[in-house]
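Please work through the exercises below with the sequence and the structure side by side, and try each task before reading its solution.

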Amino acid sequence: MVEVPSTAPRAAPATRRGPAAWVGQIILYGLFALTIGVFSHWPPYHHLSGDEALVKLSIVHAGKPVSDCRQRTPEELAKLPPNMRAATNCPRERSPLVVELDIDGKPAARMSAPPSGLSRDGASAVYRRLPVAAGEREFAVRMRDNARSAGFDYTLERRVTLKPAQVLVIDFDPHRGTLTLQ
Amino acid sequence: MSLAAAPKLWRRLEQLLDRALGARANPIRHLGALAFLAFWLLALSGLWLYAVLDTSASGAYASIEALSRVPWSIGGVLRSMHRYGADAFVMLTALHLLRELLHGRFRHFRRFSWLTGSALLPIIAVSAVGGFWLNWDRLGQFSATATAEWLDALPLLGSTLARNFLTTANVSDRLFSLFVFVHVGMPLLLVFGLWFHIQRITRAEVFPPRPLAVGFLATLLALALALPIQSQGPAQLASIPPSLAIDWFILFAHPLMYATSAGLVWAIAMVGFLALLLLPFVPTRIARPTVAVVDPDNCSGCQRCFVDCPYAAITMAAHPSKRAGHQIAVVDVDLCAGCGICVGACPSSTPFRHIEELVTGIDMPQQALTTLRSALRQRLQQHAQSSPHDAADTGPIVLFRCSQGADASAETAGDVITLPLICTGQLPPSFIDYALRDGAAAVVVATCRLSGCTYRLGAQWTSERLSGAREPHLRAAYRDAPNVMLIEADAGENREIDMGLTTMRARLTQFKATSV
Ligand code: SF4
Ligand code: SF4
């Protein structure tokens with residue numbers, strides 16, 4: 001082995017000290033704080049433009065059965081297992097829900113929602129958000145929940161003055177059986 | 001700039017910060033550990049907030065708002081740190097993922113960590129967004145409604161969640177319990193997921209180096225004091241807040257949804273998530289690493305390789321010799337990175353053994369230890385025969401360098417014998433005294449930078465073995481010898497090696513001059 005006098009440091013240090021390292025750290029932590037401080041608040045978000053209100057049309061309602069109950073014929077009854085021989089057969093499938101909304105006489109939403117569930121025997125749901133200009137508006141809502149009827153089973157017409165940023169909810173009250181605006 | 005340049009650019013940034021701050025204080029070398037620290041901060045501050053939170057729809061807002069009324073109170077500061085900590089956690093996690101992606105660390109033996117990490121992303125998203133609902137202010141109202149509308153866009157849910165937020169009366173205490181569950185239950189799931197994420201690596205860095213931890217926490221504290229988080233008024237579902245100070249780190253998806261559509265945000269989320277999950281399975285030309293092989297006759301069962309393996313790829317089993325208590329190392333081929341660090345750890349790896357073929361306890365078939373020893377011998381002999389033996393010749397310098405790290409420049413003079421290793425962790429320290437006794441004038445070992453090691457612990461173990469802090473260690477006589485040098489240099493930092501070699505030559509010349 002060759003003996004050599006020591007002169008230079010070994011590996012570069014994993015920790016640096018001195019003014020350069022301090023300045024570097026201050027810049028880095030400053031940038032980090034700035035990024036977090038800024039983007040946790042800014043830029044502000046404007047969900048609606050200043051003079052808009054929001055209409056939420058949201059109805060969950062089970063339509064009427066697609067057809068009436070009927071009596072089973074004796075032959076049909078005979079084919080069924082004895083414990084299932086009910087005289088009347090009521091269809092489970094419900095009518096789709098048809099909802100229309102006009103604002104100031106112009107069509108704003110036309111929706112048809114199928115009943116939920118594998119046997120199509122659950123409630124139908126419609127949901128729509130509509131930003132509209134604030135001010136006095138004429139709302140006309142129509143809903144059909146019976147596939148066998150031609151017209152609309154429920155209607156509501158109302159003039160409402162909407163304030164900017166107001167949320168107007170159009171819903172259906174199942175207890176009173178009426179469409180509601182609130 | 002093409003996408004292919006991104007990894008190089010990232011590496012440059014890492015090196016730049018290394019030079020400015022040192023690797024230990026370089027945050028982008030410790031992103032995962034910093035994210036862990038942010039998580040611990042969230043857990044602790046969250047516990048405090050949970051203790052004061054009124055978990056009812058009507059009382060939640062007031063209970064949190066009260067914290068911020070007293071300026072610089074503990075509760076107020078913790079609340080702000082909880083929020084900024086969450087922002088930092090999200091940012092650090094995203095950067096950690098980006099870094100691993102740019103370094104190509106998602107394939108083969110890293111697949112497990114990549115997949116378990118990716119799986120945490122949705123949990124993180126739900127935990128983070130859910131926190132805003134608990135503080136039932138206008139921002140919480142906006143976020144909860146937007147999330148419900150987003151979920152309703154999936155046909156299978158029957159489209160009714162958003163009805164919970166039509167009117168204030170709809171928001172029941174039961175719904176609020178669900179919020180609490182989301183923001184407490186999901187982070188608990190995250191703890192489990194994080195534990196899982198680091199299962200396949202030994203000595204996972206779950207706490208950053210002290211200076212970094214202090215700097216990070218101090219920055220968040222300063223931010224919390226300077227810019228305390230304020231609520232944005234109690235939730236009022238009858239109106240839309242006209243302007244919201246939104247947290248873009250966490251809530252960016254809501255404005256994106258309203259600017260585009262719920263369907264598009266779903267598509268981005270699903271495609272992005274699937275891409276992350278499929279990435280490790282994309283066929284590649286990068287071959288699976290050749291794995292370490294154990295030789296039962298030379299394995300004494302000492303467990304050093306088991307302890308040093310960075311990927312928990314080695315287990316100890318009963319030795320086929322059947323001697324009581326005699327163990328053998330067993331390599332799990334799916335986990336082995338092929339780094340060779342175990343070879344450097346094995347006590348049988350000494351080149352002084354008088355056997356023609358150097359067989360050790362555990363070896364790398366692609367670069368067996370015996371080939372390294374013969375290459376070293378042969379090159380030293382060649383040098384002895386060919387060198388001019390004039391006054392200027394100071395003798396050969398043996399450079400053991402990491403193939404993943406820097407190389408000496410092309411114009412390196414003929415006095416350097418370069419022997420590349422898979423990772424310098426593969427080098428048994430006894431090779432250094434072997435080289436010096438066999439004719440080398442000096443030995444330079446070039447590792448990657450600490451925390452920059454492709455195989456995680458190679459650079460650290462090398463430095464510890466050479467300084468005597470870890471077995472197998474370099475013989476004491478050589479530890480502070482001026483003709484033994486350890487250099488840290490990442491890929492591309494060839495200058496560091498050149499400078500080291502120049503320094504070494506100067507030392508050798510100086511010695512020659514004084515000894516004449
Ligand atoms: S080669 Fe590396 S990953 Fe494989 S067993 Fe050895 S130390 Fe572990
Ligand atoms: S270090 Fe070598 S001797 Fe020790 S257990 Fe591993 S292979 Fe066996």
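The exercises that follow concern cysteines and a surface patch in a predicted model.

**Exercise 1.** Determine how many disulfides there are over all chains, and which cysteines are joined.

*Solution.* Begin with the cut-off, under which two cysteine sulfur atoms must lie within 2.5 Å. The sulfurs of A:Cys69 and A:Cys90 are 2.0 Å apart, and a disulfide joins these residues; the count over all chains comes to 1. Next, consider the geometry of the link between A:Cys69 and A:Cys90, which is right-handed, with 110 degrees about the S-S bond.

**Exercise 2.** Decide whether A:Cys69, A:Cys90 and B:Cys453 are buried, partly exposed or exposed, and find the cysteine sulfur nearest to that of B:Cys453.

*Solution.* Buried means under 20% relative accessible area and exposed means over 50%. A:Cys69, at 45%, is therefore partly exposed, and A:Cys90, at 40%, is likewise partly exposed. B:Cys453 is in no disulfide, the nearest cysteine sulfur being that of B:Cys423, 4.4 Å away. With a relative accessible area of 7%, B:Cys453 is buried.

**Exercise 3.** Identify the residues that form a nonpolar surface patch with A:Ile27, and locate A:Ile27 itself.

*Solution.* The patch consists of A:Val23, A:Ile27, A:Leu31 and A:Leu34, which together have about 390 Å² of accessible area. A:Ile27 belongs to helix α1 (residues 19-39) of chain A, and its relative accessibility of 51% makes A:Ile27 exposed.

Methods: Residues are numbered from 1 along each chain as its sequence is written. Chains are lettered from A and ligands numbered from 1 in the order in which they are written. This is a predicted model: local features need pLDDT of at least 70, side-chain atom pairs count only at pLDDT 80 or more; totals for chains, interfaces and linings use all residues. Side-chain values use heavy atoms; hydrogens and water are left out. Buried means under 20% relative accessible area, exposed over 50%, partly exposed in between (1.4 Å probe, protein chains only). Patches are made of residues with over 30% relative accessible area and no salt bridge: like charges are joined within 9 Å, nonpolar side chains (Val, Leu, Ile, Met, Phe, Trp, Tyr) within 5 Å. Accessible areas come from the Shrake-Rupley method with a 1.4 Å probe; for residues, only the protein chains shown count as cover. A salt bridge is a side-chain nitrogen of Lys or Arg within 4 Å of a carboxyl oxygen of Asp or Glu. Helices (H or I, at least four residues) and strands (E, at least two) are DSSP runs, numbered from the N terminus.
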